[in-house]
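Have a look at it first, then read on.

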There are 2 protein chains.
Amino acid sequence: MSFILLLDMSDPLATLPPSSSVGDYVKAIWEIAGSEAASTKDVAARLSVSSASVTNMFGRLQEMGLAEYERYRGASLTAAGRREALRLVRRHRLIETFLLEHLGYSWQDVHEEAERLEHAVSDEFTERLADMLGHPGRDPHGDPIPAADGTLAVESLKSLGETEAGQRVLIVKVKDDSAQVLNYLGERSLVPGRSVKVREVRALDGVVTVEDEGGVEHALGESLARAVFVQSTLEGVQDPVAPA
Amino acid sequence: MSFILLLDMSDPLATLPPSSSVGDYVKAIWEIAGSEAASTKDVAARLSVSSASVTNMFGRLQEMGLAEYERYRGASLTAAGRREALRLVRRHRLIETFLLEHLGYSWQDVHEEAERLEHAVSDEFTERLADMLGHPGRDPHGDPIPAADGTLAVESLKSLGETEAGQRVLIVKVKDDSAQVLNYLGERSLVPGRSVKVREVRALDGVVTVEDEGGVEHALGESLARAVFVQSTLEGVQDPVAPA
DNA sequence: CTTATATTTTAGTCTTGCCTAAACTGTAAA
DNA sequence: TTTACAGTTTAGGCAAGACTAAAATATAAG
Ligand SMILES: [Mn+2]
Ligand SMILES: [Mn+2]
Ligand SMILES: [Mn+2]
Ligand SMILES: [Mn+2]
């Protein structure tokens, strides 16, 4: 007696997890446009690939059911695509937190490493890591970490540029990819979890001057002030992580 | 005034790290044959790919300077190939150690996860991890971890099958890829770091009976006995890691 | 010395993911 | 309403890495 076992390995999508390329494209669309349509150009710029490559991938994402794509009109994520994006973002931010808290990385270096690792770890690994980290709510940059079920709280924070002199505020998030910017702010401990007092918000040139917990004053140019997001100290602290 | 910057990105080896495929092939050759030549068939079996794919990769490895390849005669690693293999093995074993000690994985599950992660982590990550782990000498299965400089101590251990009744020995290493085997031994705490007393080595069928630290006896069949490597309890303990 | 068999290689394809160059489209300004 | 141009798509290629089927080779057995 003999058997022939026929497995249909011809459908690469059904079971297999998306490749790292596919994942990065989906994540890029999510980061650029959320639920809206992301343009070919923007995705190309973010991923450092040619526009032609993006057009090609938009078509494939549609095949895979991860995005809807209309020629000349960009691609927007389907529910499945959003789910996949959030899964990667959760991994990415948990990994960043681990790198900073347990391996001694500085917060400007965690992103690059996480960008690769997010595609290599399993769901098992991710949840065990979350456990080990005590289920943090935010990553080192203050970005909220999506829950395991794909939930992500919407948040409306104001930037330092939108505050007024006299207010005491808590730094919640720093939104900037540049290592120089992160390094500058990190060295001065202007990081999530710290609170500062707003001394001056100068309309003329957008410079915001703040006084840190040690009484030291820092003058931040418009772009810097727009990258630092805060909340009133009165509101509850939403699990800030303290980078180096 | 303008400049045109010409980068020769046409040489993919010079700077770029080997792909995970290339890495796995190099590692397979090392694991199968060490410094000798590994056959097409053996590598194909270990990596679950066709022989034709292996022949193709052998040629590429030679192009890359990672292996020497002679038709019909298999491939052997060059110094560069050995270096690359050891680099991956170091990562793999450190990652396994981390998974077991810090994420609560069981020792039969660590291999699969490490097999993917070894290609995604940076040297930076690897050395920081080694630091965090306290520079362990062995992984959860008792395999020695290559040093950062590519050094790996040669070792000559005997298996349980080669011991004699009456000896008290320390389990140093368990050489078996099967999850069932690892699970069986793990549940009985017959793992690296534990010591046992050899009760009987039966020539007839190769069954070895040992008494563990709690006085419980275990009869191990020939294949199991050949998978468990030990050293005399009198010799120095070489940094054993204790799996679950 | 021949032959059978296991192993290996060759030949021909396929998919993924990237590229450049050329053609096309949508839209905002003239 | 035409036009210019930024943005997009198409066309054509390429490299990595896998596969199957067919041909070639080494070697062990007769
Ligand atoms: Mn990524
Ligand atoms: Mn982040
Ligand atoms: Mn691997
Ligand atoms: Mn191991």
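## Two copies, one axis

Keep in mind that this is a predicted model. Start with the pair of chains: turn chain B by 180°, with a shift of 0.0 Å along the axis, and chain B lands on chain A with an RMSD of 0.0 Å. That's the relation of a two-fold axis.

Which residue of chain B comes closest to the rotation axis? It's Ala120(B), with its C-alpha at 3.2 Å. As for the interface, 100% of the interface residues of chain B are interface residues in chain A too, so the copies meet through the same surface.

## A helix pair in chain A

Now zoom in on chain A. The crossing of α4(A) past α6(A) is left-handed.

Who touches whom? On the α4(A) side, the contact residues include Arg87(A), Arg90(A), Arg91(A), Leu94(A), Ile95(A) and Phe98(A). On the α6(A) side, Asp123(A), Glu127(A), Leu129(A), Met132(A) and Leu133(A) are among them. Sorted by type, the residues of this contact come out as seven nonpolar, six charged and three polar.

## The sheet in chain A

Chain A has an open sheet of six strands, paired antiparallel, in the order β3-β8-β4-β5-β6-β7. At its edges stand β3 (158-159) and β7 (217-220) of chain A; each has a single partner strand, so one side of each is left without a neighbour in the sheet.

For a closer look, take strand β4 (residues 168-174) and strand β5 (residues 195-201) of chain A, an antiparallel pair joined by three bridges. Leu170(A), for instance, has Ser195(A) in β5(A) as its bridge partner.

## The sheet in chain B

Over in chain B, an open sheet of six strands has the order β3-β8-β4-β5-β6-β7, again with antiparallel pairing. Its edge strands are β3 (158-159) and β7 (217-220) of chain B, each pairing on one side only.

How many bridges join β5 to β6 in chain B? Four, between antiparallel strands at residues 195-201 and 208-211. In that pairing, Val198(B) has Val210(B) in β6(B) as its bridge partner.

Conventions
Residues are numbered from 1 along each chain as its sequence is written. Chains are lettered from A and ligands numbered from 1 in the order in which they are written. This is a predicted model: local features need pLDDT of at least 70, side-chain atom pairs count only at pLDDT 80 or more; totals for chains, interfaces and linings use all residues. Side-chain values use heavy atoms; hydrogens and water are left out. Two strands pair if DSSP finds at least two bridges between them. Helices (H or I, at least four residues) and strands (E, at least two) are DSSP runs, numbered from the N terminus. A crossing is left-handed if the near helix is turned anticlockwise from the far one by less than a right angle, and right-handed if clockwise. Contact means heavy atoms within 4.5 Å. Ala, Val, Leu, Ile, Met, Phe, Trp, Tyr, Cys and Pro count as nonpolar, Asp, Glu, Lys and Arg as charged, and the others, Gly among them, as polar. Copies are superposed by least squares on the C-alpha atoms of residues with pLDDT of at least 70 in both.
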